[in-house]
Amino acid sequence: MKLHMALIGLIGLGCVASCDAVRVPTLERPDTSEAPEEAPEPPPRDEASAAPDASDPTPTQTAEGPGPIDEPIVTPEPEPEPAELVYRLADINAATCGLPEEAEPTPTIAQISEWPEDQPRPESFLQTQVVGVTAAVASLDPFPGLVKMEPVEIRSAGIEAKGHCGATRISERWFLTAAHCIDQGYDEIRFIAGTTNLRDSDNAQTFRAESAICHAGYRGQDTQMINDIALIQVSEETVPLIRNIPTASYGAPEEVLSAENYATPVMAGWGTTSYGSLPSDLLLSAELNLISASPGVIVVESANGQGPCEGDSGGPLYVTEEDGQRRVIGVLSNVSNARTSTPCSGTYRGNYTNVGGYADWIDTVMSACEANPALCRN
(Lines give C-alpha, C1' and ligand atoms only; values in the text may rest on other atoms or scores of the structure.)
Protein backbone atom coordinates (compact mmCIF):
# COMPACT_ATOMS: atom_id res chain seq x y z
CA MET A 1 0.00 0.00 0.00
CA LYS A 2 1.31 3.45 -0.77
CA LEU A 3 1.06 6.81 0.69
CA HIS A 4 -1.77 9.02 -0.60
CA MET A 5 0.64 11.74 -1.50
CA ALA A 6 3.75 9.70 -2.47
CA LEU A 7 6.10 11.61 -0.27
CA ILE A 8 9.58 10.20 -0.77
CA GLY A 9 12.48 11.02 1.49
CA LEU A 10 13.22 10.18 5.09
CA ILE A 11 11.53 12.55 7.49
CA GLY A 12 13.67 14.52 9.89
CA LEU A 13 13.28 14.59 13.62
CA GLY A 14 9.68 15.42 14.45
CA CYS A 15 9.02 18.72 16.15
CA VAL A 16 6.19 18.90 18.67
CA ALA A 17 4.90 22.36 19.35
CA SER A 18 2.37 23.10 22.02
CA CYS A 19 0.53 26.17 23.22
CA ASP A 20 -1.41 26.48 26.47
CA ALA A 21 -4.87 27.95 26.38
CA VAL A 22 -4.99 31.58 27.45
CA ARG A 23 -6.09 32.00 31.05
CA VAL A 24 -7.43 35.16 32.72
CA PRO A 25 -6.05 35.63 36.24
CA THR A 26 -8.56 35.86 39.08
CA LEU A 27 -8.85 39.35 40.55
CA GLU A 28 -7.80 39.51 44.22
CA ARG A 29 -10.21 41.21 46.56
CA PRO A 30 -9.20 43.20 49.68
CA ASP A 31 -9.51 41.43 53.02
CA THR A 32 -12.73 42.62 54.67
CA SER A 33 -12.76 40.15 57.52
CA GLU A 34 -12.37 42.92 60.19
CA ALA A 35 -15.22 45.41 60.62
CA PRO A 36 -14.23 49.05 59.92
CA GLU A 37 -14.26 51.57 62.79
CA GLU A 38 -17.39 53.67 63.10
CA ALA A 39 -17.11 57.20 61.69
CA PRO A 40 -17.46 60.02 64.32
CA GLU A 41 -20.77 61.88 64.56
CA PRO A 42 -20.78 65.02 62.38
CA PRO A 43 -21.08 68.32 64.29
CA PRO A 44 -24.61 69.75 64.63
CA ARG A 45 -25.69 72.27 62.01
CA ASP A 46 -28.62 74.60 61.55
CA GLU A 47 -31.23 74.18 58.79
CA ALA A 48 -29.79 76.92 56.57
CA SER A 49 -26.30 75.57 56.54
CA ALA A 50 -27.54 72.02 55.90
CA ALA A 51 -29.29 72.93 52.63
CA PRO A 52 -26.82 73.36 49.74
CA ASP A 53 -27.74 75.13 46.52
CA ALA A 54 -29.07 72.48 44.13
CA SER A 55 -27.20 74.15 41.30
CA ASP A 56 -23.86 73.74 43.08
CA PRO A 57 -22.52 70.19 42.68
CA THR A 58 -19.77 70.66 45.26
CA PRO A 59 -20.20 69.86 48.97
CA THR A 60 -21.36 72.89 51.10
CA GLN A 61 -18.78 74.53 53.38
CA THR A 62 -19.94 76.06 56.69
CA ALA A 63 -18.22 78.00 59.43
CA GLU A 64 -18.03 74.85 61.45
CA GLY A 65 -16.23 72.92 58.67
CA PRO A 66 -17.09 70.75 55.65
CA GLY A 67 -20.52 69.25 55.33
CA PRO A 68 -21.14 65.51 55.35
CA ILE A 69 -19.98 63.58 52.26
CA ASP A 70 -21.50 60.19 51.48
CA GLU A 71 -19.01 57.30 51.39
CA PRO A 72 -18.66 56.01 47.77
CA ILE A 73 -20.19 52.57 47.14
CA VAL A 74 -17.46 50.19 46.03
CA THR A 75 -18.71 47.35 43.82
CA PRO A 76 -16.20 44.49 43.84
CA GLU A 77 -15.09 43.13 40.48
CA PRO A 78 -16.97 39.90 39.68
CA GLU A 79 -15.09 36.67 39.44
CA PRO A 80 -14.62 35.58 35.81
CA GLU A 81 -17.19 32.96 35.00
CA PRO A 82 -15.82 29.48 34.29
CA ALA A 83 -15.77 29.24 30.50
CA GLU A 84 -13.58 28.20 27.61
CA LEU A 85 -11.17 31.10 27.15
CA VAL A 86 -9.79 30.11 23.76
CA TYR A 87 -10.79 32.58 21.07
CA ARG A 88 -8.59 31.56 18.15
CA LEU A 89 -7.32 28.26 16.81
CA ALA A 90 -3.84 29.79 16.95
CA ASP A 91 -4.14 29.86 20.75
CA ILE A 92 -4.07 26.06 20.72
CA ASN A 93 -1.54 25.72 17.90
CA ALA A 94 -4.18 24.61 15.45
CA ALA A 95 -5.54 25.89 12.14
CA THR A 96 -8.05 25.10 9.46
CA CYS A 97 -6.41 22.73 7.02
CA GLY A 98 -4.55 23.91 3.94
CA LEU A 99 -1.06 24.63 2.67
CA PRO A 100 0.28 28.18 2.32
CA GLU A 101 0.01 29.42 -1.27
CA GLU A 102 3.75 29.34 -1.81
CA ALA A 103 4.18 25.78 -0.49
CA GLU A 104 4.92 22.92 -2.84
CA PRO A 105 1.67 20.98 -3.48
CA THR A 106 1.39 17.35 -2.44
CA PRO A 107 0.99 15.02 -5.47
CA THR A 108 -2.14 12.93 -5.71
CA ILE A 109 -2.38 9.23 -6.43
CA ALA A 110 -3.93 9.99 -9.82
CA GLN A 111 -0.86 12.02 -10.76
CA ILE A 112 1.46 9.30 -9.54
CA SER A 113 -0.36 6.60 -11.51
CA GLU A 114 -0.56 8.92 -14.55
CA TRP A 115 -4.32 8.51 -14.78
CA PRO A 116 -6.14 11.82 -15.52
CA GLU A 117 -7.91 13.14 -12.43
CA ASP A 118 -10.84 14.49 -14.45
CA GLN A 119 -11.71 11.18 -16.11
CA PRO A 120 -13.54 8.20 -14.58
CA ARG A 121 -11.34 5.15 -14.10
CA PRO A 122 -12.15 1.87 -15.84
CA GLU A 123 -14.16 -0.53 -13.70
CA SER A 124 -11.42 -3.14 -13.95
CA PHE A 125 -9.04 -0.77 -12.15
CA LEU A 126 -11.21 -1.02 -9.06
CA GLN A 127 -11.12 -4.81 -8.80
CA THR A 128 -8.36 -5.97 -6.52
CA GLN A 129 -8.07 -9.74 -6.60
CA VAL A 130 -4.31 -10.02 -6.08
CA VAL A 131 -3.35 -8.18 -2.94
CA GLY A 132 0.39 -8.02 -3.52
CA VAL A 133 2.85 -7.72 -0.68
CA THR A 134 0.40 -7.16 2.18
CA ALA A 135 -2.11 -9.60 3.59
CA ALA A 136 -5.87 -9.14 3.16
CA VAL A 137 -7.87 -9.37 6.38
CA ALA A 138 -11.45 -10.52 6.81
CA SER A 139 -12.46 -8.56 9.94
CA LEU A 140 -12.20 -5.02 11.30
CA ASP A 141 -12.11 -6.28 14.89
CA PRO A 142 -8.28 -6.21 15.22
CA PHE A 143 -8.26 -2.57 14.01
CA PRO A 144 -10.53 -0.52 16.28
CA GLY A 145 -11.73 2.77 14.83
CA LEU A 146 -10.27 2.26 11.34
CA VAL A 147 -12.12 3.85 8.40
CA LYS A 148 -11.36 4.82 4.81
CA MET A 149 -11.23 8.59 4.23
CA GLU A 150 -11.70 10.32 0.88
CA PRO A 151 -11.34 14.09 0.45
CA VAL A 152 -13.53 14.76 -2.60
CA GLU A 153 -13.39 17.55 -5.17
CA ILE A 154 -16.59 17.67 -7.21
CA ARG A 155 -15.93 18.66 -10.80
CA SER A 156 -18.11 19.28 -13.84
CA ALA A 157 -20.35 16.60 -15.33
CA GLY A 158 -20.55 14.75 -12.02
CA ILE A 159 -16.87 13.75 -12.05
CA GLU A 160 -15.21 13.49 -8.66
CA ALA A 161 -11.48 13.71 -7.92
CA LYS A 162 -10.81 11.72 -4.75
CA GLY A 163 -7.99 11.48 -2.31
CA HIS A 164 -7.31 8.16 -0.58
CA CYS A 165 -6.31 7.97 3.08
CA GLY A 166 -7.08 6.22 6.33
CA ALA A 167 -8.39 7.63 9.60
CA THR A 168 -9.16 6.35 13.09
CA ARG A 169 -12.09 7.17 15.34
CA ILE A 170 -10.74 8.26 18.73
CA SER A 171 -13.85 9.76 20.35
CA GLU A 172 -17.57 10.11 19.73
CA ARG A 173 -17.22 12.84 17.09
CA TRP A 174 -13.51 12.89 16.24
CA PHE A 175 -11.27 11.02 13.80
CA LEU A 176 -7.48 11.18 13.66
CA THR A 177 -5.56 11.39 10.37
CA ALA A 178 -2.60 13.06 8.64
CA ALA A 179 -2.62 16.76 7.76
CA HIS A 180 -1.26 16.12 4.26
CA CYS A 181 -4.40 14.13 3.42
CA ILE A 182 -6.47 17.31 3.54
CA ASP A 183 -3.97 20.08 2.85
CA GLN A 184 -5.45 21.02 -0.54
CA GLY A 185 -8.84 22.10 -1.82
CA TYR A 186 -11.79 19.73 -1.52
CA ASP A 187 -15.55 20.05 -1.40
CA GLU A 188 -16.21 17.43 1.25
CA ILE A 189 -14.52 14.76 3.34
CA ARG A 190 -16.18 11.37 2.94
CA PHE A 191 -15.74 8.32 5.15
CA ILE A 192 -16.42 4.68 4.28
CA ALA A 193 -16.75 2.27 7.20
CA GLY A 194 -18.25 -0.96 8.45
CA THR A 195 -16.57 -3.40 6.05
CA THR A 196 -13.14 -4.63 5.02
CA ASN A 197 -14.25 -4.69 1.36
CA LEU A 198 -15.08 -1.24 0.00
CA ARG A 199 -17.15 -2.80 -2.80
CA ASP A 200 -19.43 -4.51 -0.28
CA SER A 201 -22.38 -2.17 -0.84
CA ASP A 202 -24.63 -4.14 1.52
CA ASN A 203 -22.46 -3.39 4.57
CA ALA A 204 -20.39 -0.33 3.68
CA GLN A 205 -21.68 2.88 5.24
CA THR A 206 -20.79 6.34 4.02
CA PHE A 207 -20.87 9.56 6.05
CA ARG A 208 -19.34 13.01 5.84
CA ALA A 209 -17.21 15.27 8.00
CA GLU A 210 -18.32 18.57 9.47
CA SER A 211 -14.91 20.22 10.00
CA ALA A 212 -11.16 19.58 9.78
CA ILE A 213 -8.45 20.97 12.07
CA CYS A 214 -4.73 20.62 11.29
CA HIS A 215 -1.66 21.28 13.40
CA ALA A 216 -0.67 24.92 12.88
CA GLY A 217 2.98 23.95 12.50
CA TYR A 218 2.38 21.76 9.46
CA ARG A 219 3.99 23.12 6.25
CA GLY A 220 4.16 20.01 4.08
CA GLN A 221 7.27 19.08 2.15
CA ASP A 222 8.77 22.52 2.82
CA THR A 223 9.48 21.43 6.40
CA GLN A 224 9.97 17.69 5.83
CA MET A 225 6.40 16.81 6.86
CA ILE A 226 6.78 17.59 10.56
CA ASN A 227 3.54 18.08 12.53
CA ASP A 228 1.70 15.95 9.96
CA ILE A 229 -1.43 15.42 12.04
CA ALA A 230 -5.08 16.48 11.83
CA LEU A 231 -8.45 15.96 13.50
CA ILE A 232 -11.73 15.51 11.63
CA GLN A 233 -15.07 16.18 13.34
CA VAL A 234 -18.47 14.79 12.40
CA SER A 235 -21.83 16.31 13.31
CA GLU A 236 -23.98 15.37 16.30
CA GLU A 237 -26.55 13.97 13.86
CA THR A 238 -23.96 11.56 12.47
CA VAL A 239 -23.08 9.99 15.83
CA PRO A 240 -26.10 7.62 16.06
CA LEU A 241 -25.39 6.42 12.52
CA ILE A 242 -21.83 5.29 13.33
CA ARG A 243 -22.39 3.63 16.69
CA ASN A 244 -20.96 0.41 15.25
CA ILE A 245 -17.50 2.01 14.79
CA PRO A 246 -15.55 1.54 18.04
CA THR A 247 -13.35 4.30 19.40
CA ALA A 248 -9.66 3.43 19.60
CA SER A 249 -7.34 3.99 22.52
CA TYR A 250 -4.58 6.41 21.48
CA GLY A 251 -1.40 7.98 22.76
CA ALA A 252 1.82 6.73 24.32
CA PRO A 253 1.85 2.98 25.05
CA GLU A 254 2.05 1.59 28.56
CA GLU A 255 5.71 0.64 28.21
CA VAL A 256 8.54 2.71 26.74
CA LEU A 257 8.14 2.73 22.97
CA SER A 258 11.13 0.74 21.83
CA ALA A 259 11.97 -2.34 19.80
CA GLU A 260 12.51 -4.26 23.05
CA ASN A 261 8.93 -3.63 24.21
CA TYR A 262 7.05 -3.35 20.91
CA ALA A 263 9.10 -5.06 18.24
CA THR A 264 6.39 -5.48 15.60
CA PRO A 265 3.69 -2.81 15.50
CA VAL A 266 0.86 -3.39 12.99
CA MET A 267 -0.47 -1.19 10.19
CA ALA A 268 -3.68 -1.51 8.17
CA GLY A 269 -5.34 0.33 5.30
CA TRP A 270 -6.71 0.31 1.78
CA GLY A 271 -3.61 1.63 0.04
CA THR A 272 -1.91 0.51 -3.14
CA THR A 273 -0.13 -2.81 -3.45
CA SER A 274 2.70 -1.38 -5.56
CA TYR A 275 4.06 2.02 -6.42
CA GLY A 276 1.90 3.86 -8.97
CA SER A 277 -1.03 1.45 -8.83
CA LEU A 278 -4.52 2.26 -7.57
CA PRO A 279 -5.78 1.70 -4.02
CA SER A 280 -7.06 -1.67 -2.89
CA ASP A 281 -10.73 -2.36 -2.27
CA LEU A 282 -9.73 -4.96 0.32
CA LEU A 283 -8.36 -4.07 3.74
CA LEU A 284 -4.66 -4.98 3.95
CA SER A 285 -2.43 -5.33 6.98
CA ALA A 286 1.20 -6.00 7.82
CA GLU A 287 3.49 -6.32 10.81
CA LEU A 288 6.42 -3.88 10.73
CA ASN A 289 9.76 -3.64 12.46
CA LEU A 290 10.08 -0.76 14.92
CA ILE A 291 13.34 1.11 14.25
CA SER A 292 13.21 4.21 16.42
CA ALA A 293 10.84 6.63 18.16
CA SER A 294 11.23 10.32 18.94
CA PRO A 295 8.56 12.61 20.43
CA GLY A 296 7.54 13.60 16.90
CA VAL A 297 8.17 10.60 14.63
CA ILE A 298 8.11 6.81 14.78
CA VAL A 299 10.27 5.10 12.16
CA VAL A 300 9.32 1.59 11.05
CA GLU A 301 10.71 -0.78 8.44
CA SER A 302 8.97 -3.21 6.12
CA ALA A 303 9.12 -6.88 7.02
CA ASN A 304 9.54 -9.40 4.18
CA GLY A 305 8.61 -6.73 1.67
CA GLN A 306 5.36 -5.91 3.47
CA GLY A 307 4.57 -2.38 4.57
CA PRO A 308 2.56 0.79 3.98
CA CYS A 309 2.29 2.48 0.60
CA GLU A 310 0.28 5.18 -1.21
CA GLY A 311 -3.28 5.51 0.06
CA ASP A 312 -2.40 4.33 3.57
CA SER A 313 -1.58 7.89 4.67
CA GLY A 314 -3.34 8.99 7.82
CA GLY A 315 -3.94 5.39 8.80
CA PRO A 316 -3.07 4.01 12.23
CA LEU A 317 -0.05 2.19 13.60
CA TYR A 318 -1.14 -0.15 16.42
CA VAL A 319 0.64 -1.86 19.27
CA THR A 320 -0.89 -4.54 21.50
CA GLU A 321 -0.74 -4.05 25.28
CA GLU A 322 -0.45 -6.86 27.83
CA ASP A 323 -4.24 -6.95 28.32
CA GLY A 324 -4.69 -7.56 24.58
CA GLN A 325 -6.01 -4.08 23.85
CA ARG A 326 -4.69 -2.38 20.74
CA ARG A 327 -3.59 1.23 20.97
CA VAL A 328 -3.00 3.73 18.15
CA ILE A 329 0.52 5.11 18.54
CA GLY A 330 1.14 6.54 15.08
CA VAL A 331 -0.41 8.21 12.00
CA LEU A 332 1.25 7.40 8.66
CA SER A 333 2.99 10.43 7.18
CA ASN A 334 5.28 9.12 4.42
CA VAL A 335 7.47 6.26 3.21
CA SER A 336 11.02 6.33 1.91
CA ASN A 337 13.24 4.07 -0.18
CA ALA A 338 16.82 3.90 -1.24
CA ARG A 339 17.25 5.97 -4.41
CA THR A 340 18.14 2.89 -6.41
CA SER A 341 15.00 0.93 -5.54
CA THR A 342 11.31 1.18 -6.40
CA PRO A 343 9.18 2.76 -3.64
CA CYS A 344 7.11 0.37 -1.51
CA SER A 345 9.26 -2.62 -2.42
CA GLY A 346 11.92 -4.68 -0.72
CA THR A 347 13.24 -3.23 2.53
CA TYR A 348 11.99 0.32 3.02
CA ARG A 349 10.96 2.60 5.83
CA GLY A 350 7.82 4.42 6.87
CA ASN A 351 7.50 7.50 9.06
CA TYR A 352 4.54 7.80 11.41
CA THR A 353 3.63 10.93 13.38
CA ASN A 354 4.01 9.92 17.03
CA VAL A 355 0.54 10.23 18.56
CA GLY A 356 1.97 10.10 22.08
CA GLY A 357 3.94 13.27 21.42
CA TYR A 358 0.77 15.07 20.27
CA ALA A 359 -1.70 13.66 22.81
CA ASP A 360 -2.02 16.96 24.70
CA TRP A 361 -2.60 18.82 21.42
CA ILE A 362 -5.28 16.33 20.41
CA ASP A 363 -7.10 16.58 23.74
CA THR A 364 -6.91 20.38 23.81
CA VAL A 365 -8.26 20.80 20.29
CA MET A 366 -11.19 18.46 20.89
CA SER A 367 -12.06 20.16 24.20
CA ALA A 368 -11.84 23.68 22.77
CA CYS A 369 -13.91 22.85 19.69
CA GLU A 370 -16.60 21.14 21.70
CA ALA A 371 -16.78 24.03 24.20
CA ASN A 372 -16.88 26.62 21.41
CA PRO A 373 -18.23 25.01 18.21
CA ALA A 374 -17.95 28.23 16.21
CA LEU A 375 -14.19 28.13 16.76
CA CYS A 376 -13.73 25.08 14.56
CA ARG A 377 -16.61 25.19 12.12
CA ASN A 378 -15.37 25.26 8.51
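These legends describe close-up views of a predicted model. Local features need pLDDT of at least 70, side-chain atom pairs count only at pLDDT 80 or more, and totals for chains, interfaces and linings use all residues. Residues are numbered from 1 along each chain as its sequence is written, and side-chain values use heavy atoms, with hydrogens and water left out.

View 1. Strand E5 covers residues 146-154. Strands (E, at least two residues) and helices (H or I, at least four) are DSSP runs, numbered from the N terminus. Seven of the nine residues of E5 are buried, so the strand is largely enclosed by the rest of the structure. Buried means under 20% relative accessible area, exposed means over 50%, and partly exposed lies in between (1.4 Å probe, protein chains only).

**View 2. The pairing partners of E5.** Two strands pair if DSSP finds at least two bridges between them. E5 pairs with strand E7 (residues 165-169) over four bridges, in the antiparallel sense. Here Lys 148 has Gly 166 of E7 as its bridge partner. With strand E9 (residues 188-193), E5 forms five bridges, again antiparallel. Val 152 is bridged to Glu 188 in E9.

**View 3. The hairpin of E5 and E6.** Strand E6 spans residues 160-162 and runs antiparallel to E5, joined by three bridges. Ile 154 stands opposite Glu 160 of E6. Five residues lie between the two strands of this hairpin, in which Ala 157 takes a positive phi near 60°. Most residues other than glycine have a negative phi.

**View 4. Helix H3 and its cover.** Among the buried residues of H3 are Trp 361, Ile 362, Val 365, Met 366 and Cys 369. In an α-helix there are 3.6 residues a turn, so residues three or four places apart point the same way. The cover over the buried residues of H3 includes strands E3 (94-96), E8 (174-177) and E11 (211-215), as well as helix H4 (373-376). Contact means heavy atoms within 4.5 Å.

View 5. Gln 224 has a positive phi of about 55° although it is not a glycine. For Asn 227, phi is near 60°, also positive. Gln 224 is partly exposed, at 49% relative accessibility. Asn 227 is buried, with a relative accessible area of 4%.
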